[in-house]
Amino acid sequence: MGLLHRLYARAAPEVWETETRLLHALRLVRRPVAVQWIVTSACDLHCPHCYSSAGKRTPGELSTEEAKRLIVDELVALGRPTLVLAGGELLLRRDIPEIIAYACEQGLEWAMHTHGGHVPKFRSLLARHPPSLAAISLDGERAQHDLFRGKVGSFDAALAAIRVLKETGCREVVAGTTVTRQSADRVADMFPVVAASGADSWGLHLFAPEGRGAEHMALFPTPEQLRRVAAFARRKRAVFHVELCNEWGSAGADDRYYRDQPFLCGAGRISCVIGASGEVLPCTTTDLGESEGNLRERPLRDIWARGFTRFRQRGQGVCSDGKECWLQSRNGNGCREQAFGGGARRAG
(Lines give C-alpha, C1' and ligand atoms only; values in the text may rest on other atoms or scores of the structure.)
Protein backbone atom coordinates (compact mmCIF):
# COMPACT_ATOMS: atom_id res chain seq x y z
CA MET A 1 0.00 0.00 0.00
CA GLY A 2 2.98 2.28 0.03
CA LEU A 3 2.44 3.47 -3.53
CA LEU A 4 -1.27 4.09 -3.05
CA HIS A 5 -0.49 6.19 0.01
CA ARG A 6 2.16 8.18 -1.84
CA LEU A 7 -0.31 8.93 -4.62
CA TYR A 8 -3.43 9.74 -2.65
CA ALA A 9 -1.56 11.63 0.07
CA ARG A 10 -0.89 14.29 -2.53
CA ALA A 11 -4.60 15.18 -2.38
CA ALA A 12 -4.98 17.26 0.77
CA PRO A 13 -7.13 15.33 3.29
CA GLU A 14 -8.97 18.38 4.59
CA VAL A 15 -10.09 19.26 1.06
CA TRP A 16 -11.17 15.67 0.48
CA GLU A 17 -13.22 15.62 3.69
CA THR A 18 -15.22 18.70 2.80
CA GLU A 19 -15.73 18.10 -0.90
CA THR A 20 -16.42 14.38 -0.73
CA ARG A 21 -19.08 14.68 1.99
CA LEU A 22 -20.82 17.38 -0.04
CA LEU A 23 -20.62 15.44 -3.29
CA HIS A 24 -21.94 12.30 -1.60
CA ALA A 25 -24.92 14.24 -0.27
CA LEU A 26 -25.63 15.31 -3.86
CA ARG A 27 -25.27 11.67 -5.07
CA LEU A 28 -22.02 12.57 -6.81
CA VAL A 29 -18.53 11.20 -6.27
CA ARG A 30 -14.92 12.30 -6.74
CA ARG A 31 -12.82 10.36 -9.20
CA PRO A 32 -10.19 8.06 -7.67
CA VAL A 33 -6.62 9.33 -7.46
CA ALA A 34 -5.11 5.86 -7.90
CA VAL A 35 -6.36 2.35 -8.66
CA GLN A 36 -4.18 -0.67 -7.93
CA TRP A 37 -4.53 -3.88 -9.91
CA ILE A 38 -3.19 -7.19 -8.62
CA VAL A 39 -2.23 -8.35 -12.09
CA THR A 40 -1.50 -11.91 -10.99
CA SER A 41 -1.12 -13.97 -7.84
CA ALA A 42 1.89 -15.73 -9.36
CA CYS A 43 5.19 -15.10 -7.61
CA ASP A 44 8.57 -16.83 -7.48
CA LEU A 45 9.18 -15.77 -3.87
CA HIS A 46 7.34 -16.96 -0.76
CA CYS A 47 7.28 -14.13 1.77
CA PRO A 48 5.58 -14.75 5.14
CA HIS A 49 3.85 -11.34 5.16
CA CYS A 50 2.41 -11.44 1.61
CA TYR A 51 -1.01 -9.74 1.57
CA SER A 52 -2.08 -11.65 -1.56
CA SER A 53 -0.79 -15.08 -0.46
CA ALA A 54 1.13 -15.06 -3.73
CA GLY A 55 2.62 -18.16 -5.28
CA LYS A 56 0.46 -19.83 -7.87
CA ARG A 57 -1.61 -18.00 -10.43
CA THR A 58 -5.26 -17.54 -9.42
CA PRO A 59 -7.75 -19.42 -11.63
CA GLY A 60 -9.76 -16.99 -13.72
CA GLU A 61 -7.34 -14.09 -13.74
CA LEU A 62 -8.33 -11.29 -16.10
CA SER A 63 -7.27 -11.83 -19.71
CA THR A 64 -5.30 -9.33 -21.78
CA GLU A 65 -8.41 -8.03 -23.50
CA GLU A 66 -10.33 -7.85 -20.22
CA ALA A 67 -7.48 -5.86 -18.68
CA LYS A 68 -7.62 -3.37 -21.54
CA ARG A 69 -11.40 -3.09 -21.69
CA LEU A 70 -12.43 -3.51 -18.05
CA ILE A 71 -9.53 -1.67 -16.41
CA VAL A 72 -7.64 0.67 -18.74
CA ASP A 73 -10.65 1.91 -20.72
CA GLU A 74 -12.64 2.34 -17.52
CA LEU A 75 -9.85 4.36 -15.90
CA VAL A 76 -9.85 6.66 -18.92
CA ALA A 77 -13.60 7.14 -18.40
CA LEU A 78 -12.93 7.84 -14.70
CA GLY A 79 -10.62 10.75 -15.51
CA ARG A 80 -7.31 8.86 -15.80
CA PRO A 81 -6.25 8.11 -12.21
CA THR A 82 -2.83 6.52 -11.81
CA LEU A 83 -2.80 2.79 -12.54
CA VAL A 84 -0.69 0.94 -9.96
CA LEU A 85 0.43 -2.53 -11.08
CA ALA A 86 1.27 -5.06 -8.38
CA GLY A 87 1.05 -8.78 -7.61
CA GLY A 88 2.20 -11.40 -6.83
CA GLU A 89 4.99 -10.35 -9.11
CA LEU A 90 3.61 -8.33 -11.97
CA LEU A 91 6.57 -9.00 -14.28
CA LEU A 92 5.76 -12.72 -14.34
CA ARG A 93 2.68 -11.96 -16.38
CA ARG A 94 3.60 -12.54 -20.03
CA ASP A 95 1.29 -9.90 -21.47
CA ILE A 96 2.35 -7.13 -19.10
CA PRO A 97 4.37 -5.27 -21.80
CA GLU A 98 1.28 -5.17 -24.03
CA ILE A 99 -0.94 -3.94 -21.20
CA ILE A 100 1.54 -1.25 -20.12
CA ALA A 101 1.94 -0.04 -23.70
CA TYR A 102 -1.84 0.12 -24.15
CA ALA A 103 -2.30 2.04 -20.88
CA CYS A 104 0.32 4.59 -21.89
CA GLU A 105 -1.24 4.96 -25.35
CA GLN A 106 -4.50 5.88 -23.60
CA GLY A 107 -2.75 8.58 -21.61
CA LEU A 108 -2.59 6.80 -18.25
CA GLU A 109 0.22 7.37 -15.80
CA TRP A 110 1.34 4.11 -14.22
CA ALA A 111 3.27 2.94 -11.17
CA MET A 112 4.56 -0.44 -10.08
CA HIS A 113 5.35 -2.51 -7.00
CA THR A 114 7.85 -5.33 -7.60
CA HIS A 115 10.38 -7.47 -5.76
CA GLY A 116 12.81 -6.43 -8.48
CA GLY A 117 14.12 -9.78 -9.61
CA HIS A 118 12.92 -9.45 -13.20
CA VAL A 119 13.29 -5.70 -13.75
CA PRO A 120 16.56 -5.82 -15.77
CA LYS A 121 14.91 -8.08 -18.36
CA PHE A 122 12.37 -5.30 -19.05
CA ARG A 123 14.87 -2.46 -19.48
CA SER A 124 13.70 -1.59 -23.00
CA LEU A 125 10.02 -1.57 -21.97
CA LEU A 126 10.77 0.65 -18.97
CA ALA A 127 12.79 3.02 -21.14
CA ARG A 128 9.87 3.36 -23.59
CA HIS A 129 7.21 3.64 -20.91
CA PRO A 130 8.84 4.62 -17.61
CA PRO A 131 6.58 4.45 -14.54
CA SER A 132 6.06 7.64 -12.60
CA LEU A 133 6.67 5.77 -9.36
CA ALA A 134 8.13 2.38 -8.53
CA ALA A 135 8.46 0.60 -5.20
CA ILE A 136 11.13 -2.06 -4.71
CA SER A 137 10.92 -4.30 -1.66
CA LEU A 138 14.08 -4.10 0.46
CA ASP A 139 13.50 -5.82 3.79
CA GLY A 140 16.89 -5.84 5.43
CA GLU A 141 20.58 -6.22 4.79
CA ARG A 142 21.60 -8.99 2.39
CA ALA A 143 21.26 -12.05 4.66
CA GLN A 144 18.15 -10.75 6.40
CA HIS A 145 16.40 -9.81 3.16
CA ASP A 146 17.21 -13.09 1.41
CA LEU A 147 15.99 -15.11 4.41
CA PHE A 148 12.75 -13.12 4.65
CA ARG A 149 12.11 -13.39 0.91
CA GLY A 150 13.06 -17.07 0.79
CA LYS A 151 15.55 -16.78 -2.06
CA VAL A 152 19.30 -16.21 -2.08
CA GLY A 153 20.20 -13.34 -4.38
CA SER A 154 16.96 -11.42 -3.98
CA PHE A 155 18.73 -8.58 -2.12
CA ASP A 156 21.20 -8.01 -4.94
CA ALA A 157 18.36 -8.24 -7.45
CA ALA A 158 16.43 -5.51 -5.60
CA LEU A 159 19.44 -3.17 -5.70
CA ALA A 160 19.94 -3.90 -9.40
CA ALA A 161 16.27 -3.10 -10.04
CA ILE A 162 16.62 0.29 -8.35
CA ARG A 163 19.55 1.13 -10.61
CA VAL A 164 17.74 0.03 -13.79
CA LEU A 165 14.62 2.00 -12.92
CA LYS A 166 16.60 5.19 -12.34
CA GLU A 167 18.59 4.68 -15.54
CA THR A 168 15.43 4.19 -17.61
CA GLY A 169 13.72 7.35 -16.39
CA CYS A 170 11.44 6.45 -13.46
CA ARG A 171 10.76 9.74 -11.68
CA GLU A 172 10.68 8.32 -8.15
CA VAL A 173 11.97 4.99 -6.91
CA VAL A 174 10.94 4.01 -3.40
CA ALA A 175 12.77 1.40 -1.36
CA GLY A 176 9.98 -0.27 0.63
CA THR A 177 10.78 -2.00 3.92
CA THR A 178 8.18 -3.97 5.89
CA VAL A 179 8.76 -3.58 9.63
CA THR A 180 8.20 -6.81 11.58
CA ARG A 181 9.02 -7.99 15.08
CA GLN A 182 12.16 -9.61 13.69
CA SER A 183 13.34 -6.61 11.68
CA ALA A 184 12.24 -3.63 13.78
CA ASP A 185 15.40 -3.53 15.89
CA ARG A 186 17.56 -3.64 12.76
CA VAL A 187 15.89 -0.88 10.78
CA ALA A 188 18.69 1.54 11.68
CA ASP A 189 21.20 -0.83 10.08
CA MET A 190 19.24 -0.51 6.85
CA PHE A 191 19.70 3.25 6.56
CA PRO A 192 23.16 3.27 4.93
CA VAL A 193 22.04 0.52 2.54
CA VAL A 194 18.99 2.50 1.39
CA ALA A 195 20.88 5.80 1.25
CA ALA A 196 23.51 4.25 -1.03
CA SER A 197 21.03 2.31 -3.19
CA GLY A 198 20.06 5.16 -5.49
CA ALA A 199 16.45 5.15 -4.27
CA ASP A 200 14.82 8.56 -4.04
CA SER A 201 12.94 7.74 -0.86
CA TRP A 202 12.39 5.10 1.80
CA GLY A 203 8.91 3.89 2.72
CA LEU A 204 8.63 2.09 6.05
CA HIS A 205 5.66 -0.25 5.86
CA LEU A 206 4.19 -2.04 8.84
CA PHE A 207 3.28 -5.71 8.86
CA ALA A 208 -0.48 -6.24 8.39
CA PRO A 209 -2.11 -9.65 8.99
CA GLU A 210 -3.67 -10.00 5.54
CA GLY A 211 -3.33 -12.94 3.18
CA ARG A 212 -0.39 -15.11 4.20
CA GLY A 213 0.36 -12.59 6.92
CA ALA A 214 -2.71 -13.86 8.82
CA GLU A 215 -0.77 -17.10 9.36
CA HIS A 216 2.12 -15.22 10.96
CA MET A 217 0.58 -12.92 13.56
CA ALA A 218 3.77 -13.07 15.65
CA LEU A 219 5.41 -10.86 13.03
CA PHE A 220 3.59 -7.81 14.37
CA PRO A 221 6.03 -5.55 16.25
CA THR A 222 5.73 -4.84 19.96
CA PRO A 223 4.51 -1.40 21.13
CA GLU A 224 8.07 -0.56 22.18
CA GLN A 225 9.37 -1.43 18.71
CA LEU A 226 6.65 0.69 17.08
CA ARG A 227 7.71 3.70 19.13
CA ARG A 228 11.40 3.19 18.40
CA VAL A 229 10.93 2.81 14.63
CA ALA A 230 8.61 5.82 14.45
CA ALA A 231 11.14 7.91 16.38
CA PHE A 232 13.93 6.69 14.09
CA ALA A 233 11.95 7.69 10.98
CA ARG A 234 11.26 11.10 12.46
CA ARG A 235 14.98 11.71 13.07
CA LYS A 236 16.14 10.49 9.65
CA ARG A 237 13.71 12.68 7.69
CA ALA A 238 16.18 15.50 8.35
CA VAL A 239 18.78 13.82 6.13
CA PHE A 240 16.83 11.52 3.77
CA HIS A 241 13.30 11.26 2.37
CA VAL A 242 11.82 8.73 4.82
CA GLU A 243 8.07 8.22 5.20
CA LEU A 244 5.92 5.99 7.38
CA CYS A 245 3.42 4.30 5.07
CA ASN A 246 -0.32 4.08 5.58
CA GLU A 247 -0.32 0.91 7.72
CA TRP A 248 0.82 3.05 10.67
CA GLY A 249 -2.28 5.26 10.75
CA SER A 250 -2.39 8.95 11.62
CA ALA A 251 0.04 10.71 13.95
CA GLY A 252 -2.46 13.53 14.20
CA ALA A 253 -0.86 16.91 14.82
CA ASP A 254 2.57 15.31 14.45
CA ASP A 255 1.98 13.87 10.96
CA ARG A 256 4.30 16.44 9.41
CA TYR A 257 7.22 14.80 11.22
CA TYR A 258 6.59 11.38 9.63
CA ARG A 259 5.20 11.96 6.13
CA ASP A 260 4.87 14.62 3.45
CA GLN A 261 1.10 15.08 3.79
CA PRO A 262 -1.36 14.58 6.66
CA PHE A 263 -2.61 11.00 6.78
CA LEU A 264 -6.02 9.96 5.52
CA CYS A 265 -6.77 6.31 4.82
CA GLY A 266 -7.62 6.22 1.12
CA ALA A 267 -9.47 2.88 1.10
CA GLY A 268 -12.70 3.34 -0.87
CA ARG A 269 -12.33 7.11 -0.69
CA ILE A 270 -9.51 8.07 -3.03
CA SER A 271 -8.28 4.65 -4.14
CA CYS A 272 -9.32 1.04 -4.53
CA VAL A 273 -7.79 -2.31 -5.48
CA ILE A 274 -8.78 -4.68 -8.27
CA GLY A 275 -8.05 -8.31 -7.49
CA ALA A 276 -6.52 -10.71 -9.99
CA SER A 277 -9.94 -12.11 -10.95
CA GLY A 278 -11.71 -8.75 -11.15
CA GLU A 279 -13.06 -8.18 -7.64
CA VAL A 280 -13.06 -4.50 -6.62
CA LEU A 281 -11.90 -4.07 -3.03
CA PRO A 282 -11.23 -1.10 -0.74
CA CYS A 283 -7.59 -2.10 -0.24
CA THR A 284 -5.24 -5.08 -0.46
CA THR A 285 -7.33 -7.64 1.39
CA THR A 286 -7.92 -11.18 0.16
CA ASP A 287 -11.30 -11.27 1.93
CA LEU A 288 -13.79 -11.30 -0.94
CA GLY A 289 -16.52 -10.51 1.56
CA GLU A 290 -15.22 -6.93 1.32
CA SER A 291 -15.74 -6.80 -2.46
CA GLU A 292 -17.96 -4.08 -3.91
CA GLY A 293 -18.46 -6.01 -7.15
CA ASN A 294 -16.67 -7.73 -10.02
CA LEU A 295 -15.55 -6.01 -13.23
CA ARG A 296 -16.94 -8.88 -15.29
CA GLU A 297 -20.40 -8.10 -13.96
CA ARG A 298 -20.42 -4.31 -13.54
CA PRO A 299 -18.26 -1.50 -15.01
CA LEU A 300 -15.58 -0.09 -12.72
CA ARG A 301 -17.02 3.41 -13.02
CA ASP A 302 -20.37 2.11 -11.73
CA ILE A 303 -18.78 0.21 -8.84
CA TRP A 304 -16.76 3.27 -7.87
CA ALA A 305 -19.77 5.60 -8.05
CA ARG A 306 -22.25 3.38 -6.22
CA GLY A 307 -20.01 1.36 -3.93
CA PHE A 308 -17.84 2.12 -0.89
CA THR A 309 -20.68 3.98 0.84
CA ARG A 310 -19.41 2.94 4.27
CA PHE A 311 -16.15 4.80 3.58
CA ARG A 312 -17.84 8.01 2.47
CA GLN A 313 -20.42 8.57 5.21
CA ARG A 314 -19.86 9.62 8.77
CA GLY A 315 -20.66 7.27 11.62
CA GLN A 316 -19.26 4.10 10.04
CA GLY A 317 -16.50 3.58 12.62
CA VAL A 318 -13.10 2.55 11.29
CA CYS A 319 -14.42 2.64 7.73
CA SER A 320 -15.26 6.33 7.79
CA ASP A 321 -13.02 8.10 10.31
CA GLY A 322 -9.91 7.79 8.11
CA LYS A 323 -7.46 8.08 11.03
CA GLU A 324 -6.55 4.41 11.27
CA CYS A 325 -5.35 2.18 8.46
CA TRP A 326 -8.43 0.19 7.46
CA LEU A 327 -6.41 -2.99 6.85
CA GLN A 328 -5.00 -2.86 10.35
CA SER A 329 -8.28 -1.90 11.99
CA ARG A 330 -10.29 -4.72 10.38
CA ASN A 331 -7.81 -7.12 11.97
CA GLY A 332 -7.88 -5.49 15.39
CA ASN A 333 -4.45 -3.94 14.91
CA GLY A 334 -5.08 -0.22 15.27
CA CYS A 335 -1.67 0.89 16.49
CA ARG A 336 -1.26 4.60 15.96
CA GLU A 337 -1.39 5.52 19.65
CA GLN A 338 1.23 2.85 20.38
CA ALA A 339 3.50 4.33 17.72
CA PHE A 340 2.85 8.07 18.11
CA GLY A 341 1.48 8.57 21.62
CA GLY A 342 0.05 12.01 22.32
CA GLY A 343 0.26 13.21 18.72
CA ALA A 344 -2.15 10.49 17.63
CA ARG A 345 -4.55 11.25 20.47
CA ARG A 346 -4.67 14.91 19.43
CA ALA A 347 -5.97 13.77 16.04
CA GLY A 348 -9.39 13.27 17.63
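Guide: Take helix α9, residues 223–236. Helices here are DSSP runs of H or I with at least four residues, strands are E runs of at least two, and both are numbered from the N terminus. At 1.5 Å a residue, the 14 residues of α9 should span 20 Å. The expected span is 1.5 Å times one less than the number of residues. The end C-alpha atoms of α9 are 20 Å apart, which agrees.

This is a predicted model: local features need pLDDT of at least 70, side-chain atom pairs count only at pLDDT 80 or more, and totals for chains, interfaces and linings use all residues. Residues are numbered from 1 along each chain as its sequence is written, and side-chain values use heavy atoms, without hydrogens and water.

Which residues of α9 are buried? They are Gln-225, Leu-226, Val-229, Ala-230, Phe-232 and Ala-233. Buried means under 20% relative accessible area, exposed over 50%, partly exposed in between (1.4 Å probe, protein chains only). Down the axis of α9, the buried residues fall within an arc of 160°, so they line one face of the helix. The arc is taken from the directions from the helix axis to the C-beta atoms. Their cover includes β5 (172–179), α8 (187–197) and β6 (201–206). It also includes β7 (242–244) and α14 (336–340). Contact means heavy atoms within 4.5 Å.

Now the backbone. Most residues other than glycine have a negative phi. Phe-308 has a positive phi, near 60°. Phe-308 sits in the loop between α10 (300–306) and α11 (309–312), and is buried, at 0% relative accessible area.
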